[in-house]
Amino acid sequence: WSSDVCSSDLTSPFPASPGFLAVVEAANQISAASDGAFDITVTPLIAAWGFGPKGRDADAPEPTQAELDALAASVGWRHLTVDLAGRTLQKDTPALRLELSAIAPGHAADRIAARLRELGFTRTLVDVGGEILASGRAAHGGPWRLGVERPDSSGGVVQRMLQVEDQALATSGDYRNYYEVDGVRRSHTIDPRTRRPISHRLASVSVLQPTAMLADGWATALNVLGPDAGLELATRRSIPALFLIREPDGTLREQA
């Protein structure tokens, strides 16, 4: 993944691999379609809220609005330019850094599945960090049966079983990576538009797409948008999605 391009301050075109460029190009397309709800340049915001590589200091205060506003100059997918023909990536802001964990695992699943097809395997199930690509049919002759986990502390209980064939499934939610401050949950998913962790009632959203990369990215985008705007966008773009929404009484409501 050429970490140099993620840490360099150069604003001139930077050579990058075709796979790297494909991921960034797909990410920018999802960013444009979601009005910036998805953004792979949120690295400084993730770190500011304690979800970066250095982790969180429990005694440190949360970032102030002024501190978040100051980071805004270092965030923004529009600062990235992808040249697929020239195989280069360019940024117009030196401090821009990339965080690909919301789309790269899906790309990895796609690459693995493609290699398996080259080797002659027609029935495969590839799972990279929960981003799943189901190719062909399962051993019993029917579609693969994939479970969508209940987004709570029940420990892997299946909320809904889906039958999937030649499609990818990805889920994004706030029930695994979070912390609480004074009883308020801070999700690891950051809304690039507000620069803050998402705070709506959407517990998780699962998305079906032709590729795991698209499923991965779109699940995050719809999760950031929340149960209302996310459902509206998924409906408008014909994206199959299952939203699990927390009700005030603690129950879960499905919207698909």
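By class, 5 nonpolar, 3 polar and 5 charged residues make up the lining of the second largest pocket (nonpolar: Ala, Val, Leu, Ile, Met, Phe, Trp, Tyr, Cys and Pro; charged: Asp, Glu, Lys and Arg; polar: the others, Gly among them). The structure is a predicted model, in which local features need pLDDT of at least 70, side-chain atom pairs count only at pLDDT 80 or more, and totals for chains, interfaces and linings use all residues. Residues are numbered from 1 along each chain as its sequence is written, and side-chain values use heavy atoms, with hydrogens and water left out.

The mean pLDDT of the chain is 89, and 89% of its residues reach 70 or more (pLDDT is the predictor's confidence in each residue, from 0 to 100). Over residues 1-5 the pLDDT is below 50, and this stretch has 13 contacts in the model beyond near neighbours in sequence (contact: heavy atoms within 4.5 Å).

An open sheet of 3 strands has the order E1-E3-E2, with antiparallel pairing (strands are DSSP runs of at least two residues, numbered from the N terminus; two strands pair if DSSP finds at least two bridges between them). Strands E1 (14-15) and E2 (80-83) stand at the edges, each with a single partner strand, so one side of each is left without a neighbour in the sheet. E1 is joined to strand E3 (residues 88-91) by 2 bridges; Thr 88 in E3 is the bridge partner of Pro 15.

Thr 124 belongs to strand E4 (residues 124-128). Thr 124 is buried, with a relative accessible area of 6% (buried: under 20%, with a 1.4 Å probe and protein chains only). Leaving aside neighbours within four places in sequence, Thr 124 is in contact with Leu 116, Leu 133, Ala 134, Ser 135 and Trp 144.

Technical notes: Helix = DSSP H or I, 4+ residues; strand = E, 2+ residues; numbered from the N terminus. Buried < 20%, exposed > 50% of the residue type's maximum accessible area, 1.4 Å probe, protein only.
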